[in-house]
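Please view the sequence and the model first.

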Amino acid sequence: MKTSGIGGQAVIEGIMMRNKDKYAIAVRKPDNEIELSVRESRLLTEKYKWLNFPVIRGVFNFVDSLVTGVSTITYSASFYDDPAEQKKTKADEIGKAIFKDKLESVLMAVTIIISVALAVGLFMVVPYFVSRLLAGVVTSQFLLNFLEGIVRVVIFLLYLVAISHMNDIKRTFMYHGAEHKCINCIEHGAPLTVDNVMNSSRLHKRCGTSFMFLVMFISIIFFIFIRVDNTILQLVIRLLLIPVIAGVSYEVLRWAGRSDNAFINVISKPGLWMQKLTTREPDRDMAEVAIAAVEAVFDWRAFLDEYYADLEGEEARNEAVKASEQALADEAAARGYNKIKEQVELNATSADSETRKIKPSEQTEAVAKTAAQVSSDEGIKIEEPEIPYEVSSVNVSDAGINESEDGIELEDDIESEDGEQIEDDTQTEDSLPDEDVQDTEEDELGGIEIEEPQESGEEIENADDVPIFKKRDSE
């Protein structure tokens, strides 16, 4: 494994990938096309060399990533903005008059300040006061500070669990998984293809989630040694130490990303476990978006040439590439990722558009829901659906399509592959021989015809389950 140096983040229906002085934002638009924007990134570290010093560079990179992240999320959200929200208000006119062309920068700065303030309040101030509720029982300052750190980690985990149940956040976490898979694919010496990306792991040592865990863990170590009785002074010291803790955490994360020894693997484990909350298995469309973002700023072919530079001859290189691809496939199989069943799942939702009357964007949503539902700690595991012989309304949960969640109606009569109607029979599964049941199940799976969901002006069942951008698209 060799470090590529690229990083990124998930945005709304897309991915941002960054490499040195460039970053690219790839967004899957409502019309299913990929919009790609490549931007220059000013490297202040080249102008101010002191920003490259250990710990200091961690603080700078954290702030820089925060600013870039807010900017890219705002850009990706613009493709799914409600037209009514785009109309200029009186406040917009006043802001434009005061700040002129700098209005957007000012709004971004305010957004970042508010976000940081909320994060500090939730993950620093709240744990402090919660732990002090035990001051009457626990007299040791050392133990109180340790309990404060535990409360901080618990609040962070509860926060991640809570937001992971939001539909739009689920999709963002799927794109987060696609971002990691792309980087892992490259750094394991495999060509950047959809199949190789899907076979790669969705967990990565350099992830921001791991960084946040390190911040939590290192803060416990720092705060344990604070022995001040004054409450205000204790809080001030904690706030002043935040940049130092962030800088130290960055150095540990950087070290972890470049090393693969036993000690590093141990301290990286908790962060990787937490990534199972912040990443989900993506679908192939998401992998395509991630690949587009990577190729805009990173020459992965040249990287592979360097990766296998010690091999002599084209044949030896090709054999090494095939070996890396096979290794990814074997690891994916070990995680329970079944490519044959994945293809069946994709065919069940997107193939044969003439027979299955469903929009491509809705097909993508169906597959995305499936990936989110069936992703596990080891990968994707898809159970074989059980279809009873007597069908009046069909629920295809493993394909991410069901009548109650997406408002998709299924015909009572099921059309076979030959085009003949199979009428609803009164016979049940129990009344048929086992062999007939198996044959009948295979025949029925091939002929399900899905009606197109109701368009604008009609009520969609369970609209709360549809992500925000889908609601807007349908309106």
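The points below cover the basis of the model, the sheet, the helix pairs and a few single residues.

This is a predicted model, in which local features need pLDDT of at least 70, side-chain atom pairs count only at pLDDT 80 or more, and totals for chains, interfaces and linings use all residues. Residues are numbered from 1 along each chain as its sequence is written, and side-chain values use heavy atoms, with hydrogens and water left out. Helices (H or I, at least four residues) and strands (E, at least two) are DSSP runs, numbered from the N terminus.

**The sheet**

- Four strands make up an open sheet in the order β1-β2-β3-β4, with antiparallel pairing. Two strands pair if DSSP finds at least two bridges between them.
- The edges are held by β1 and β4 (34-40), each of which has a single partner strand, so one side of each is left without a neighbour in the sheet.
- On average, neighbouring strands of this sheet are turned by 15° against each other, direction ignored. Axes are lines fitted to C-alpha atoms, for helices over the stretch in contact, and angles run from 0 to 180 degrees between N-to-C directions.
- Five bridges join strand β1 (residues 7-11) to strand β2 (residues 14-19) in the antiparallel sense.
- Gly 7 has Arg 18 in β2 as its bridge partner, and Val 11 has Gly 14 in β2.
- In a regular strand the side chains alternate between the two faces of the sheet.

**Helices packed on the sheet**

- Helix α2 (residues 56-77) lies across β1, β2, β3 (22-28) and β4, and runs at about 40° to β1.
- Helix α6 (residues 167-187) also packs on the sheet, where α6 touches β1, β2 and β3. The direction of α6 makes about 160° with that of β1. Contact means heavy atoms within 4.5 Å.

**Loop residues with positive phi**

- Most residues other than glycine have a negative phi, and most peptide bonds are trans.
- Glu 13 lies in the loop between β1 and β2, a hairpin with two residues between the strands. Although Glu 13 is not a glycine, its phi is positive at about 55°.
- With 5% relative accessibility, Glu 13 counts as buried. Buried means under 20% relative accessible area, exposed over 50%, and partly exposed in between (1.4 Å probe, protein chains only).
- Asn 32 lies in the loop between β3 and β4 and has a positive phi near 80°. Its relative accessible area of 23% makes Asn 32 partly exposed.

**Helices α5 and α8**

- The axes of helix α5 (residues 141-163) and helix α8 (residues 208-224) come within 8 Å and cross at roughly 165°. That angle makes α5 roughly antiparallel to α8. Angles under 35 degrees count as roughly parallel, over 145 as roughly antiparallel, 65 to 115 as roughly perpendicular and the rest as oblique.
- The two helices α5 and α8 cross in a right-handed manner. A crossing is left-handed if the near helix is turned anticlockwise from the far one by less than a right angle, and right-handed if clockwise.
- Among the residues that meet in this contact are Phe 142, Phe 146 and Val 153 in α5, and Met 212, Ile 220 and Phe 223 in α8. By class, the contact of α5 with α8 has 10 nonpolar, three polar and two charged residues. Ala, Val, Leu, Ile, Met, Phe, Trp, Tyr, Cys and Pro count as nonpolar, Asp, Glu, Lys and Arg as charged, and the others, Gly among them, as polar.

**Helices α9 and α10**

- Helix α9 (residues 231-258) and helix α10 (residues 262-278) have axes that come within 10 Å and cross at roughly 125°. That angle makes α9 oblique to α10.
- The crossing of α9 and α10 is left-handed.
- Val 252, Trp 255 and Ala 256 in α9 meet Phe 263, Ile 264, Ile 267 and Ser 268 in α10. These comprise six nonpolar residues, one polar residue and no charged residues.

**Two buried residues**

- Leu 203 is in the loop between α7 (194-199) and α8, and counts as buried at 19% relative accessibility. Beyond its neighbours within four places in sequence, Leu 203 is in contact with residues including His 180, Leu 272 and Thr 279.
- The C-alpha atoms of Leu 203 and Thr 278 are 9.6 Å apart in space, while the two residues are 75 residues apart in sequence.
- Thr 209 lies in helix α8 and is buried, at a relative accessible area of 9%. Not counting residues up to four places away in sequence, Thr 209 touches His 176, Gly 271, Met 274, Gln 275 and Thr 278.
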